[in-house]
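Work through the exercises below with the sequence and coordinates open. Each task is followed by a solution in steps.

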2 protein chains.
Amino acid sequence: MVQGEIPLTDISLDSTFEKYELKFKAIADKKRLQIMNILTQKGAMCVCDLAPLVDMAQSKLSYHLKILLDANIITKETRGTWSYYELNHKVLNHLLSPELCCLFKPTC
Amino acid sequence: MVQGEIPLTDISLDSTFEKYELKFKAIADKKRLQIMNILTQKGAMCVCDLAPLVDMAQSKLSYHLKILLDANIITKETRGTWSYYELNHKVLNHLLSPELCCLFKPTC
DNA sequence: GCATTAAATCAAAAAAAGTTGATTTAATAG
DNA sequence: CTATTAAATCAACTTTTTTTGATTTAATGC
């Protein structure tokens, strides 16, 4: 492509699509939606307390939490030996319809 | 599990999560988001006209369109030898935030 | 009928995502 | 310092998804 003809709009759309691919991939999983739902009910939780609730081995759960964390769907706060994970409502509200967001609000 | 102790709520949540897994998986892909964006601009399109725009072989494009169609993100109407695909705005509006839906509206 | 075009489908291969059990890192308590 | 617990990471493996090129199905025009 000749200089000066770079389609700036397409490039930014492309990185927009990449951004949402990451986020939608993170929530495009039954188990991760279940994790999100439990975090909705319980607020912040550590891996060791979450594992029995979702019936997952620790390493598997850490793997799924990392995917949600990398997509900014959840946040992490480490206190001592524990890591507490929590839903990132701001990002979810930006992403999902109000109707769907209700799935991730304790009051709905 | 003993009869009568079936957790109805969890079962329905489970099928809810499965439903959204399918839908989010469909849109959790850069190429499919690009297809959706082009359908936003152009309205209904047939495979043969869409293929060069997204720079994809016919079989590959048909594969991705089928995934979007199965998730009800797009609709299909066959006229003669042609199949016209179109965005399903109703489903998208239910799924995505108004902010995000703008990505898939020609007027935004 | 035959040739042409559109699009779906198929099977094999490649790539990506998820699972498993073990190991590592790091904080805490004794 | 040692033992214990929490959680991340790793490597091998399995499963799922995507890609590719070829084939099939079906509609149209001659």
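**Exercise 1: the surface near DNA strand C**

The surface near DNA strand C consists, by class, of seven nonpolar, nine polar and seven charged residues. Here Ala, Val, Leu, Ile, Met, Phe, Trp, Tyr, Cys and Pro count as nonpolar, Asp, Glu, Lys and Arg as charged, and the others, Gly among them, as polar. The model is predicted: local features need pLDDT of at least 70, side-chain atom pairs count only at pLDDT 80 or more, and totals for chains, interfaces and linings use all residues. Residues are numbered from 1 along each chain as its sequence is written, chains are lettered from A and ligands numbered from 1 in the order in which they are written, and side-chain values use heavy atoms, with hydrogens and water left out.

Task: Identify the residues and elements that surround DNA strand C.

Step 1. Count residues with a heavy atom within 4 Å of the strand. There are 23, and the closest are A:Lys31, A:His64, B:Cys48, B:Gln58 and B:Tyr85. Of the atoms of DNA strand C that come within 4 Å of the protein, 65% belong to sugar and phosphate.

Step 2. Assign elements, taking helices (H or I, at least four residues) and strands (E, at least two) as DSSP runs numbered from the N terminus. At least two residues each come from α2 (30-42) and α4 (58-70) of chain A, and from α3 (47-54), α4 (58-70) and β3 (82-87) of chain B. The largest share, five residues, is that of α4(A).

Step 3. List polar contacts to phosphate oxygens (pairs of N or O atoms within 3.5 Å). Among them, a polar side-chain atom of B:Tyr85 lies at 2.5 Å, a polar backbone atom of B:Ser83 at 2.9 Å, and a polar side-chain atom of A:Arg32 at 3.3 Å.

**Exercise 2: the sheet of chain B**

Task: Determine the strand order of the sheet in chain B.

Step 1. Pair strands that share at least two DSSP bridges.

Step 2. Inspect β2(B) and β3(B): six bridges join them. B:Thr78 has B:Ser83 in β3(B) as its bridge partner.

**Exercise 3: the chain interface**

Step 1. Count contacts (heavy atoms within 4.5 Å). 25 residues of chain A touch 25 residues of chain B.

Terms used. A polar contact is a pair of N or O atoms within 3.5 Å; within protein, one must be able to donate a hydrogen and the other to accept it, and residues adjacent in sequence count only if both atoms are side-chain atoms.
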